[in-house]
Every structure is written in structure tokens, then in C-alpha cells.
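Subject: Structure handover

Hello,

Here is the structure you were expecting. Please open it alongside this message.

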Amino acid sequence: MKRRQMLRLLGLAPPVFLVSCRDSKVPSAPTIVTGKVTDEHDMPIEGALIRMFGTKRQGLSGVGTFSTEGLTHKDGNYTLSYVVPRGTDFVNVSPKGTSTINDQTHDYSVQMNGVGSYVQLGSSPVLHWGDYGKTTTINFQYKKR
């Protein structure tokens with residue numbers, strides 16, 4: 001009994017409580033990711049593949065919970081929308097660096113729009129459960145290698 005009181009005083013709660021609390025707050029509204037893909041000259045790229053997928057932590061690795069993808073339109077814009085299922089720990093938004101665009105295969109270096117400029121993308125952007133049910137804008141720039 002004293003141990004439980006000590007944990008409460010320190011602000012620590014059993015992990016099971018934290019997980020169940022988080023899962024109960026997963027919104028029923030779709031998580032929407034929208035943005036624009038351009039080339040190194042800021043011209044829109046049509047037909048670039050953008051993928052959004054969810055992962056649940058399990059042991060030392062993750063298990064997929066959902067996946068959806070779409071192509072950019074003529075103006076380079078894309079929109080992905082999905083109701084994130086319970087148990088999803090994070091959502092990745094992943095552009096494909098090697099794409100078949102207009103029946104031609106290109107190898108691109110992908111950059112993401114940071115604060116006012118594009119930065120080299122080391123890994124795909126991640127949305128955490130606080131972002132679920134909201135709209136997030138992520139712009140990408142493709143540079144030919």
C-alpha cells in the first residue's frame with residue numbers, strides 16, 4: 001500500500017492506466033494530412049506517391065495498424081484522410097523518393113518544408129496521438145539526384 005502511495009506522490013501511474021486513458025481519447029474524426037509536392041524549381045509535381053500509415057509499439061518493433069496512400073494532383077497538392085484506430089502509437093507520412101511520374105522513373109532526394117525553408121528528410125514526419133483528428137499540412141520538395 002505504501003508503495004502505491006509513493007508512486008502517486010511522485011506522479012507515476014501504472015503504465016496500464018496511461019495506455020487505457022490514451023486509447024479512450026482517440027478521436028472519431030479523421031486525421032487529415034494535406035500539402036504540396038514541388039521540384040527544386042518550386043514547380044508542382046503531379047503523380048508523386050504519398051503514404052500515411054500507423055504503427056503500434058509491440059516489443060522492440062512495431063505492428064502496422066493502417067495504411068493509406070494517394071497521388072499528388074496536377075497542382076502538386078495531396079490530401080490523405082483516415083480515422084486512426086485505437087492502439088495506434090504514431091502515424092508516419094512518407095513520400096516515395098523513387099517514383100514513376102508521367103511514365104518515367106526518377107530518383108529524388110526528398111526534403112520537407114521546415115520553418116521557411118526546406119530541409120533534407122532523414123526520416124518520415126511523425127504525427128503523435130495528440131494530432132489525431134486534426135488537419136496537418138506537410139509540404140515536400142523533390143530534388144533529382
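Confidence

This is a predicted model, so local features need a pLDDT of at least 70, side-chain atom pairs count only at pLDDT 80 or more, and totals for chains, interfaces and linings use all residues. Residues are numbered from 1 along each chain as its sequence is written, and side-chain values use heavy atoms, with hydrogens and water left out.

pLDDT is the predictor's confidence in each residue, on a scale from 0 to 100. The protein chain has a mean pLDDT of 78, and 68% of its residues reach 70 or more. Confidence is lowest in helix α2 (residues 15-24), with a mean of 43. It is highest in β4, at 96. Residues 12-22 have a pLDDT below 50. Beyond near neighbours in sequence, that stretch has 4 contacts in the model. A contact means heavy atoms within 4.5 Å. Helices (H or I, at least four residues) and strands (E, at least two) are DSSP runs, numbered from the N terminus.

Core

The largest nonpolar core has 18 residues. Such a core is a set of buried Ala, Val, Leu, Ile, Met, Phe, Trp, Tyr and Cys residues joined through side-chain atoms within 4.5 Å. Buried means under 20% relative accessible area, exposed means over 50%, and partly exposed is in between (1.4 Å probe, protein chains only). Which members touch the most others? They are Val37, Ile50, Tyr78, Phe140 and Tyr142. Five strands each supply at least two residues of this core: β1 (31-39), β2 (49-58), β4 (77-82), β5 (90-95) and β11 (140-144).

Aromatic rings

Rings of Phe, Tyr and Trp (its six-membered ring) pair if their centres lie within 6.5 Å; planes under 30 degrees apart count as stacked, over 60 as edge-to-face and the rest as tilted. The count is 2 aromatic pairs. Why is the pair of Phe66 and Tyr82 stacked? Their ring centres are 4.4 Å apart and their planes are at 10 degrees, so the pair counts as stacked. Phe66 lies in strand β3 (residues 61-71) and Tyr82 in strand β4, so the pair ties together parts 16 residues apart in sequence. Phe66 is buried, at 7% relative accessible area. Tyr82 is partly exposed, at 32%.

Charges

The charged end of Arg51 sits over the ring of Phe53, 4.3 Å from its centre. The rule here is NZ of Lys or CZ of Arg within 6 Å of the ring centre and within 35 degrees of the ring normal.

The structure holds 1 salt bridge. That term means a side-chain nitrogen of Lys or Arg within 4 Å of a carboxyl oxygen of Asp or Glu. Asp89 pairs with Arg57, and their closest N and O atoms are 3.9 Å apart. Asp89 is in the loop between β4 and β5, while Arg57 is in strand β2, 32 residues away. Asp89 is buried, at 7% relative accessible area. Arg57 is exposed, at 56%.

Two more residues

Val63 lies in strand β3 and is partly exposed, at 33%. Leaving aside neighbours within four places in sequence, Val63 contacts Gly54, Thr55, Lys56 and Gln58.

Thr137 is in strand β10 (residues 135-137) and is exposed, at 55%.

Best wishes
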